[in-house]
Amino acid sequence: MMAATTPFNQAEILEAVKGFEVSRNRKTGVVTTKNNRVVLKQWRSSNNYEMVNFKDAVAQLLACAGKIFQAEFYDLKIGASFQELKLKGKQVIINGDVFHEMLWLTTSSDGTRMLSVRFGLMRQVCSNGMCITLKGSGFSLKHLVSNNVNEEMKQFFKSLPKVDVTKQVNILKKIGNKEVTVRKVATALVNNGKKGNEKVWQLLVQKLQSSKTDRLGTKEDALITGINVPFKKMTKETLDAKLPAWTVLNCYTEIWRSLDASQIERETGKILEVLN
């Protein structure tokens, strides 16, 4: 996941999306995605599919963005299937890591991803995309006529409050000063060792060993050896050992860095529940 690094320019963004079009043939149901008159993709949709034109969504987002926070940078992606706009606001330092206020729009023109808008604190580095949104500022819907997607999006943008990340900052600062036992984290992720639930725990163990930014240090090498076994084979000593909660949070969210905003938010929420 790349950070938003281009200086914010509303006119520039609107100009960049001006040529984006999504249309559907009423007889055949074929949806055509174009950018600057060049066909990017065609596919056959169901009758219940509701199109969302990225150009219109961007215009609505920009119309409200200035009322809720001050954008400083942006990143725009226009693809044949997937479209995304990130607006990055002021920087917040938490436990030595850099976070930014972020307003993040993702959608697709072929039904492969939901329409999603997230507004909150996001850690934007190459190996981690932690996403902690503000209460009431998350929106995610499948492109279905029954979901009334375009109207729901309009109402959502109208209701966005001015950002205040104080609560989220305090939650993260508390985690930075905590330790958590291997038992607590592993049991929550593995769900008491039930079959089929160990994969996520093993992914976390791998990140604790290999993350370029957040791995455990050499003094924890013995602990790494102890946890790098199947859940049911960990010793009592290993299960009772303590991990820095901040490291667990960062490594866990790193696992999901390639997902979209709503999925990263969901996984961040899961690990925050374990660590709080």
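This is a predicted model: local features need pLDDT of at least 70, side-chain atom pairs count only at pLDDT 80 or more; totals for chains, interfaces and linings use all residues.
Student: Which residue of E3 is the bridge partner of Glu21?

Tutor: E2 and E3 are joined by five bridges, in the antiparallel sense. Across from Glu21, the bridge partner in E3 is Lys34.

Student: Is Thr32 buried or exposed?

Tutor: Thr32 sits in strand E3, residues 30-35. Its relative accessible area is 10%, and the cut-off for buried is under 20%. Therefore Thr32 is buried.

Student: Which side chain does the side chain of Thr32 make a polar contact with?

Tutor: Leaving out residues up to four places away in sequence, Thr32 touches Glu21, Val22, Ser23, Val39, Lys41 and Gln42. The side-chain polar contact spans 3.0 Å. The partner is Gln42.

Student: Moving on to Asn53, is this residue buried or exposed?

Tutor: Asn53 belongs to the loop between E4 and helix H2 (54-68). If we again skip residues up to four places away in sequence, Asn53 touches Phe20, Glu21 and Val22. With a relative accessible area of 15%, under the 20% cut-off, Asn53 counts as buried.

Student: Which residue has its backbone nitrogen 3.0 Å from a polar atom of the side chain of Asn53?

Tutor: Look from the Asn53 side chain to the backbone. The nitrogen at 3.0 Å belongs to Lys55.

Student: Now the hairpins. Which residue of E6 stands opposite Tyr74?

Tutor: Strand E5 (residues 73-78) pairs with E6 over six bridges, in the antiparallel sense. A hairpin of three residues links E5 to E6. Opposite Tyr74 you'll find Leu87.

Student: How many bridges pair E6 with E7?

Tutor: E6 covers residues 82-94, and its pairing with E7 is antiparallel. Among the facing pairs, Leu85 is opposite Leu105, and Phe82 is opposite Ser108. The bridge count for E6 and E7 is 11.

Student: Which residue takes a positive phi in the hairpin of E6 and E7?

Tutor: That hairpin has two residues between the strands. The phi in question is near 50°, and the residue is Asn95.

Student: What about the other neighbour of this strand: which residue in E8 is the bridge partner of Trp104?

Tutor: E7 and strand E8 (residues 115-122) run antiparallel and are joined by seven bridges. Their hairpin has six residues between the strands, and Gly111 in the turn shows a positive phi of about 80°. For Trp104, the partner in E8 is Arg118.

Student: How many residues of E7 are buried?

Tutor: Strand E7 runs over residues 97-108 and is mostly covered. Out of its 12 residues, the number buried is 11.

Student: On to the helices. How many residues of helix H9 are buried?

Tutor: Helix H9 spans residues 245-255. The buried residues include Trp246, Asn250, Cys251 and Glu254. H9 is largely enclosed by the rest of the structure, because the buried count is 11 of the 11.

Student: What describes the way H5 and H6 pack, and what is the distance between their axes?

Tutor: Two packed helices are described by an axis angle and an axis distance. For H5 (residues 182-190) and H6 (residues 199-210), the angle is about 135°. H5 and H6 are therefore oblique to each other. Their axes are apart by 7 Å.

Student: How many nonpolar residues does the contact of H5 with H6 have?

Tutor: From H5 come Val182, Val185, Ala186, Leu189 and Val190, and from H6 come Val200, Trp201 and Leu204. The contact has no polar and no charged residues. The nonpolar count is eight.

Key: Residues are numbered from 1 along each chain as its sequence is written. Side-chain values use heavy atoms; hydrogens and water are left out. Axes are lines fitted to C-alpha atoms, for helices over the stretch in contact, and angles run from 0 to 180 degrees between N-to-C directions. Helices (H or I, at least four residues) and strands (E, at least two) are DSSP runs, numbered from the N terminus. Angles under 35 degrees count as roughly parallel, over 145 as roughly antiparallel, 65 to 115 as roughly perpendicular and the rest as oblique. Contact means heavy atoms within 4.5 Å. Ala, Val, Leu, Ile, Met, Phe, Trp, Tyr, Cys and Pro count as nonpolar, Asp, Glu, Lys and Arg as charged, and the others, Gly among them, as polar. Buried means under 20% relative accessible area, exposed over 50%, partly exposed in between (1.4 Å probe, protein chains only). A polar contact is a pair of N or O atoms within 3.5 Å; within protein, one must be able to donate a hydrogen and the other to accept it, and residues adjacent in sequence count only if both atoms are side-chain atoms. Two strands pair if DSSP finds at least two bridges between them.
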